[in-house]
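This briefing sets out the fold, the packing and selected local geometry of a single protein model. The structure is shown first, and the points that follow are grouped by topic.

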Amino acid sequence: MSREVFIVAAQRTPVGGFGGSLSTLNAPQLGSIAIKAALQKAKVDPSLVEEVYFGNVLTANVGQNPARQATLGAGIPSSVPATTINKVCASGMKATAIGASQILLGQADIVVTGGQESMSNTPYYSTKTRWGSKYGHQELVDGIVQDGLWDIYNKFLMGNAAELCASEHGFTREQSDDYAIATYKKAQAALADGSFYDEIVPVEVPGPKGKPGRTVTSDDEVPNLNESKLRAISSVFQKEGTVTAPNASTLSDGAAAIVLVSGEKIKELGLNPIAKILSFADAALEPERFTVAPSLAIPKALSKAGLKISDVDYFEINEAFSVVALANQKILGLDPSKVNAFGGAVAIGHPLGASGARIIATLINVLSKKGGKIGVAAICNGGGGAGAIVIQLL
């Protein structure tokens, strides 16, 4: 008998800015908050969880198996195994695909998936300290760059690949700026009308010693649009280039968690699923063309579900850079009004290990609020890859 996989809950923390509201919490702490909230919303007892797959990219100095730390921190029993997934930006989505596969194979009935990241707490590396440096200056290596943003094959930053994408697909600086402004405004509208409420769990952040803490309920970056400054700021990766800090995603902290349950267990426990996973797929290109790999992953996933682009009501395409969304829209012929309806990572932020799961949570929310049925979430990742997942709102 063929098995089915349902999403019973999908929750995320607010996305904190770099050195921002969530910077005093490490990645597993953020992950445990998201997992606990998702289980509570799903009305699933933590003792019933059979496995956890959780993305985390920048794991230096975080401690052994960060997914396990988040698992135990959420109150899931120590008998439940947990695995940390690193597929760069696609980690949270790949974790969800692996969790769904375990259910489809009959290996488990209840799996928690998602991802976490604290880019604010990523250390610098002293690479020559262990064995000593005989002479001269020593260099500190930024862990965010080295393990998160650096194309190891071409020896350049991810933004250089975004410039290549703009050049090959004919996008100007003005078009990227226009897109960034639009995505900020969509996110600001979603914040103002309460649309984000259903997907975000408030985070209690302890205050400094002797001082009260604060509750973080919304994404740090969303209110920060300054249109004139955005258009005036210099390009980062090329002189007279198209990519700038404000038309790219921001360094961020955050976590997202998804509770997956088999159809059989749904009936047994009387749970109320919110979406069904129809299919998922990965795709890859040359490392420097990772930006457009979603244009391969999306049709591949849709084909597995027996669907076409025209069947999809809404898309979430992670905005590593504005040009990523622009290029994939162009290649696939997507209606821009159906893409990132509540804004994307340029405005919300991009906590690497969490974003693949964050966009699934947002997609479910968009479908629910906008009256859609079929949705696709897709995310590119460094090294040339991308993942996509197709869901049906119930």
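The buried residues of helix H9 pack against strand S13 (275-284), strand S14 (314-317), H10, strand S15 (374-381) and strand S16 (385-393); contact here means heavy atoms within 4.5 Å. The model is predicted, so local features need pLDDT of at least 70 and side-chain atom pairs count only at pLDDT 80 or more, while totals for chains, interfaces and linings use all residues. Residues are numbered from 1 along each chain as its sequence is written, and side-chain values use heavy atoms, with hydrogens and water left out.

**Helix H9**

- Helix H9 spans residues 294-304, and its buried residues are Pro-294, Ser-295, Ala-297, Ile-298, Ala-301 and Leu-302. Buried means under 20% relative accessible area, exposed over 50%, and partly exposed in between (1.4 Å probe, protein chains only).
- The arc is that of the directions from the helix axis to the C-beta atoms.
- The exposed residues Ser-303 and Lys-304 are carried on the face of H9 turned away from its buried side.
- Just after H9, Gly-306 adopts a positive phi of about 70°.

**Helix H2**

- Pro-66, Ala-67, Ala-70 and Thr-71 are buried in helix H2 (residues 66-73).
- Viewed down the axis of H2, the buried residues fall within an arc of 145°, so they line one face of the helix.
- The cover over the buried residues of H2 includes helix H1 (27-42), strand S3 (51-55), strand S4 (82-85) and strand S5 (110-118).

**Overall fold**

- The protein has 12 helices and 16 strands; helices (H or I, at least four residues) and strands (E, at least two) are DSSP runs, numbered from the N terminus.
- The radius of gyration is 20 Å, close to the 21 Å that the globule rule gives for 394 residues, so the protein is as compact as a globular protein of that length. This radius is taken over C-alpha atoms, and the globule rule is 2.2 Å times the number of residues to the power 0.38.
- Along the principal axes, the C-alpha atoms fill a box of roughly 60 × 50 × 40 Å.
- Of the 394 residues, 57% are buried.
- Among contacts with a separation of 6 or more, 78% join residues 24 or more positions apart.

**Nonpolar cores**

- The largest nonpolar core has 54 residues, of which Ile-7, Leu-260, Ile-277, Ile-360, Ile-364 and Ile-391 touch the most other members. A nonpolar core is a set of buried Ala, Val, Leu, Ile, Met, Phe, Trp, Tyr and Cys residues joined through side-chain atoms within 4.5 Å.
- Helix H12 (residues 355-370) gives the most to this core, with 8 residues.
- Apart from its neighbours within four places in sequence, Ile-360 is in contact with Ile-7, Met-93, Thr-96, Ile-258, Ala-377 and Ile-389.
- A second, separate core comprises 38 residues, including Met-158, Ala-248, Val-323 and Val-376.

**Aromatic rings and charges**

- The whole structure contains 1 aromatic pair. Rings of Phe, Tyr and Trp (its six-membered ring) pair if their centres lie within 6.5 Å; planes under 30 degrees apart count as stacked, over 60 as edge-to-face and the rest as tilted.
- The ring centres of Phe-196 and Phe-342 are 6.0 Å apart and their planes lie at 85°, so the pair is edge-to-face.
- Phe-196 lies in the loop between helix H6 (173-192) and strand S10 (203-205), and Phe-342 in the loop between helix H10 (322-332) and helix H11 (345-348), so the pair ties together parts that are 146 residues apart in sequence.
- Both Phe-196 and Phe-342 are buried.
- The charged end of Arg-12 sits over the ring of Phe-196, 5.3 Å from its centre. A charge sits over a ring if NZ of Lys or CZ of Arg is within 6 Å of the ring centre and within 35 degrees of the ring normal.
- The charged end of Lys-330 sits over the ring of Phe-171, 5.3 Å from its centre.

**Positive phi outside glycine**

- Asn-61, in the loop between S3 and H2, has a positive phi near 70° and counts as exposed at 73% relative accessibility.
- Asn-340, in the loop between H10 and H11, has a positive phi of about 50° and counts as buried at 0% relative accessibility.
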